[in-house]
Amino acid sequence: MAIQRPKGTQDHLPDGSPKLSLDTRAVAFQHVQDTARRVLERAGAQFLNTPVFEDPDLVKRGVGGSTDIVRKEMFTVYYFGDHGGFILRPEGTAGIVRAYLQNGLKQLPSPLKLWTHGPMFRAENVQKGRLRQFHQVDYEVLGSTDPLVDAEAISLMVDVVAALGLTGVRVKLGSIGDPADRDAYNAYLRELFGAHVERLSDDSKERLERNPMRILDSKSAGDQALIAELGVRPMLDFLGDEARAHFQAVQAYLTAWGVAYDIDPSIVRGLDYYRRTAWELHHEGVGAKSALGGGGRYDGLAEQLGGPLVPGIGWAFGIERLLIAMDAEGLDVPGQGGPLLYVAALDDVYVGHAATVAMKARQVARAEFAYRAVKPGNAFRDAERRGAQLVALIGSDEVARGVLSIKNLSTGVQSVVPAGDLHTFLAEATVPPSTYVQENA
């Protein structure tokens, strides 16, 4: 058997490929990225790229050494000549904050809005919408604690998804308070679960002392049954006055802007550097785990990475999961389309000439050419298969006269165009213009 792609990965394919789905169409990924770029950059976000692999310590600090991501799902890359290695990034935020600190981006106007897209990697069980190499759009804002920044970030996430045509989405909004609020909540959880420690999963037994909030995110059915049985109070009950006022301000902005949301007390973030606002974006079409993505405020992350205090907030969504949701709603994306012009030589001696015409045409339009001489009927069939709008045939008569015989495949109208006027002819996109000799096909 021929070598296959690794489990948990996908090939992103050109349109027309067999067995093509929306989440494997290369043009669909480009459409999502282009839409995100348009929405986010209109809001002042600037694009950046960070490496797909980072120092293991960055990932452990930024994602959390006790999380399943670091303990069970990391891909480590070793390189020749060294016994060390790097970790393929499981998410984008830690790398962006590292880049902010390392490159002095604090000198740029604050708050600084940044965005990126690209592949992420997690060695997890493969299922619908959950891959080992997946792709995200990521948006981060650094340098402000203002609740207006939080509300704008949530609104922009909704705007990107809405611009793609999705309607069946909902924001689930919560808050995890300030460090003192979290300490009080963790103390409550330790006391509550401590009386039932024998019923906790092994992972949650470890979390009980170190990070009890993460028990609430447990994937164990037994843990979730215990949580429901005990009637665990939500984090929102433990918010202090400042965190509560911040949360109310975020809600007020979203309400004023018409951004629909539901308060979800179950949303938590287990790592110490998270603060206040946390949210998820859900869509039922994705399946049982309906989250397209989520976000939150992480004012303590820069310090966790060894830098100064830099407040931040951000979000990310998985492109594959979003495309599955779009497919569930019956949405599609525009195809790349074919060339405007297809050039074919009728004799072998003119194949190079046809290639030259097509290459010059590319200054104003997409153009392709036949790599060998063809008969007119074959040229038209090949052009139709490629989705071309215009076909230029080049034979001895056209070369001698310095013209191009161009046929519009949609209208059947033929035009004789001086070679020097080809750019104008293509740029006008009005075929056939009255200044050229025309005849019906």
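**Notebook: a pocket, a cavity and a helix**

I sorted the lining of the second largest pocket by class and found four nonpolar, three polar and six charged residues, where Ala, Val, Leu, Ile, Met, Phe, Trp, Tyr, Cys and Pro count as nonpolar, Asp, Glu, Lys and Arg as charged, and the others, Gly among them, as polar. I keep in mind that this is a predicted model, in which local features need pLDDT of at least 70, side-chain atom pairs count only at pLDDT 80 or more, and totals for chains, interfaces and linings use all residues. Residues are numbered from 1 along each chain as its sequence is written, and side-chain values use heavy atoms, with hydrogens and water left out.

**The pocket**

I noted a volume of about 260 Å³ for the second largest pocket. A pocket here is an open set of points on a 1 Å grid over the protein atoms alone, with protein on both sides within 12 Å along at least five of seven lines, whereas a cavity is a set where a 1.4 Å probe fits but cannot get out; lining residues have an atom within 4 Å of a point. Of the 13 residues lining this pocket, Pro-14, Asp-15, Gln-336, Gly-337 and Arg-366 lie nearest its centre. Helix 13 (376-386) and helix 1 (26-42) each supply at least two lining residues, and helix 13 gives the most, with three.

Twelve residues line the largest cavity, and Glu-54, Arg-89, Glu-91, Ala-94 and Gly-95 are the closest to its centre. The volume of the largest cavity is about 60 Å³. Helix 2 (56-64) gives the most to its lining, with three residues, while helix 4 also supplies at least two.

**Helix 4**

I followed helix 4 (residues 93-102) next and found it mostly covered, with eight of its ten residues buried, that is, under 20% relative accessible area with a 1.4 Å probe and protein chains only. Among the buried residues are Ala-94, Gly-95, Arg-98 and Tyr-100. Just after helix 4, Gly-104 takes a positive phi of about 65°.

**Confidence**

I checked pLDDT, the predictor's confidence in each residue from 0 to 100, and the chain averages 87, with 91% of the residues at 70 or above. Over residues 429-441 pLDDT stays under 50. Where pLDDT is low, the predicted coordinates should not be read in detail.

Conventions
Grid points are joined across faces, edges and corners, and a volume is the space filled by probe spheres set on the points. Helices (H or I, at least four residues) and strands (E, at least two) are DSSP runs, numbered from the N terminus. Buried means under 20% relative accessible area, exposed over 50%, partly exposed in between (1.4 Å probe, protein chains only). Contact means heavy atoms within 4.5 Å.
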